[in-house]
Amino acid sequence: MQDDKNISKIEIENQNIIENIELNIWEALIPVVILMCMLAYNIFFVEGQEWFGTYTNQIILLLGGLVAATVGLFNKVTIERMLKEIWENLKSVFIPIMILFLVGALAGTWLISGVIPAMVYYGLQVLSPSIFLPASIIICAVISIATGSSWTTSATVGIALVGIGTALGINTGMIAGAVISGAYFGDKMSPLSDTTNLAPAMAGTDLFTHIRYMTLTTVPTLVVTLIVFSIISMNIETSGSADLSNLLSTINTTFHISPWLFIVPLVVIALILLKTKPLIALGTGVLLAAVFAFIFQPEILAHLSNSKLNSITTSILTDTQITTDNEKLNDLFSAGGMEGMLWTIYLIICAMIFGGIMDGIGALARITKALLSVATTIFGLFASTVISCLGLNAIASDQYLAIVIPGKMFKKAFEDRGLAPENLSRTLEDSGTVTSVLIPWNTCGAYQSGVLGVDTLHYASYAVFNWLSPFTTLLFAALRIKIKELTKK
């Protein structure tokens, strides 16, 4: 029996880091390499359909977890230890999963109540294609700074912006990329954000020093992102602007459109600003939208079912499709309810299983230590931190672990090089927080894809702020721009 003498555990901010002295780097990489090979095979060599059907990514993650468990058993890690870490991972995503269910219900009730159609109706009259993408970034950045949550931003204004942009004929990947760029800028810079508080805690600096130091890389990155999207906006051809009057007429004919419908999203945003728990805020949004559906859209409810109450229940739980005489709007005015979130939820659960086993056998700590050992220069130290954060976002499928583990492992190395802790905290955010959404099986990537209805690989190249941030922090490190040193006492 394994007596755990080869295992040590460090507890930080309710996150465990498991170290296994018997596991070497090549063994730690085996599950990662096999996982990546399977994912690559499915993407590049399986044509026309998924390798294992609808849930291919979920099955691949489970197979990767099985490989990791085999490596762990070979290195004297008990099944109990691995199961314990899996359970800890699953507990950490319980609230996000509940939020996902509520977001599905929110999408359904906001559709049949007319909230989303009203947002699209008025948005089409205000946001023209020439300014839509940069305007979306700014809107999402402001909301995210105020709420401290990229997830909430996407679930509210993000959904509306995707609807408006789709009606204008703009590529959904571009829209989602703009929404995510703005949302993660705000999430990263807001003092209300959990990751913005976690990064300085791991590095050993205070919150506002961390935020001030982040502006040095974050603001230039946002400026470049706005320039890129402004150029894109000036060069895209849209199909929606030509028949705008037809779209507006169809929406107005199908739904009862009124400014009063905006009470629903405004109440949700107000609750979030008042620091109400997300489950309560989103749940309120669902219930309020259901009431507004009875008041403003009785004909829609009667058309969907003989029972208005049954129409509401169906919109919360399963698919809802409102048919109009415009095919573009037919695609827009559909929602999957809670059922529509199941694929995303299964993906998160499978990712947590894989990440839990990798953590349980000590592979995450071993890979990070290997990166640390090759950091012989200051730039190498920054580069190793960035690679570690990116790797853990892919391997552990969780942005918190991508901050916690490198934060713990690299803290002393930054101190030994005479670098102030805000260098580390900034790098953790520039490479850990914002890149999580670019990984399809990461909790953030799965969430954003499910909520916005756009595949991760479709929006990833347009999430300019997110993939540009690590390059910005590396550029600053290479040129030694604003690399603060420890004050000598």
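Student: What is the relative accessible area of Lys91?

Tutor: Lys91 has a relative accessible area of 42%, so Lys91 is partly exposed. Here, buried means under 20%, exposed means over 50%, and partly exposed lies in between (1.4 Å probe, protein chains only). First, some ground rules. This is a predicted model, where local features need pLDDT of at least 70, side-chain atom pairs count only at pLDDT 80 or more, and totals for chains, interfaces and linings use all residues. Residues are numbered from 1 along each chain as its sequence is written, and side-chain values use heavy atoms, with hydrogens and water left out.

Now look at the partner of Lys91. Lys91 forms a salt bridge with Glu88, and their closest N and O atoms are 3.4 Å apart. A salt bridge is a side-chain nitrogen of Lys or Arg within 4 Å of a carboxyl oxygen of Asp or Glu. Side chains of opposite charge can pair when their charged atoms come close. Glu88 is partly exposed, at 28%. Lys91 and Glu88 sit three residues apart in helix α3 (residues 79-92), so about one helical turn separates them. Helices are DSSP runs (H or I, at least four residues), numbered from the N terminus.

The count of salt bridges comes to five. Take another of them. Asp416 and Lys412 meet at 3.1 Å, N to O. Both lie in helix α20 (residues 399-416), four residues apart, about one turn. Asp416 counts as exposed at 55%, and Lys412 counts as exposed at 53%. Arg480 also forms a salt bridge, with Glu485, at 3.9 Å between the closest N and O atoms. Arg480 is partly exposed at 44%, and Glu485 is partly exposed at 49%.

Lys76 lies between α2 (56-74) and α3. Lys76 has a positive phi of about 65°, yet it is not a glycine. Most residues other than glycine have a negative phi. Lys76 is exposed, at 51%. Lys482 also has a positive phi, of about 50°, and is not a glycine. Lys482 lies in the segment after α24 (464-478) and is exposed, at 52%.

Helix α13 (residues 278-296) has 19 residues, and at 1.5 Å a residue it should span 27 Å. The expected span is 1.5 Å times one less than the number of residues. The end C-alpha atoms of α13 are 26 Å apart, which agrees. Its buried residues include Ala281, Leu282, Val286, Ala289 and Phe292. The buried residues of α13 pack against α4 (94-112), α12 (263-273), α14 (298-304) and α15 (308-317).

Pick the pair α13 and α15. Two packed helices are described by the angle between their axes and the distance between the axes. The axes of α13 and α15 come within 11 Å and cross at roughly 145°. Axes are lines fitted to C-alpha atoms, for helices over the stretch in contact, with angles from 0 to 180 degrees between N-to-C directions. From α13, Val286, Ala290, Ala293 and Phe294 make the contact; from α15, Lys308, Leu309, Ile312 and Ile316 do. Contact means heavy atoms within 4.5 Å. These residues divide into seven nonpolar, no polar and one charged. Ala, Val, Leu, Ile, Met, Phe, Trp, Tyr, Cys and Pro count as nonpolar, Asp, Glu, Lys and Arg as charged, and the others, Gly among them, as polar.

Terms used
Helix = DSSP H or I, 4+ residues; strand = E, 2+ residues; numbered from the N terminus.
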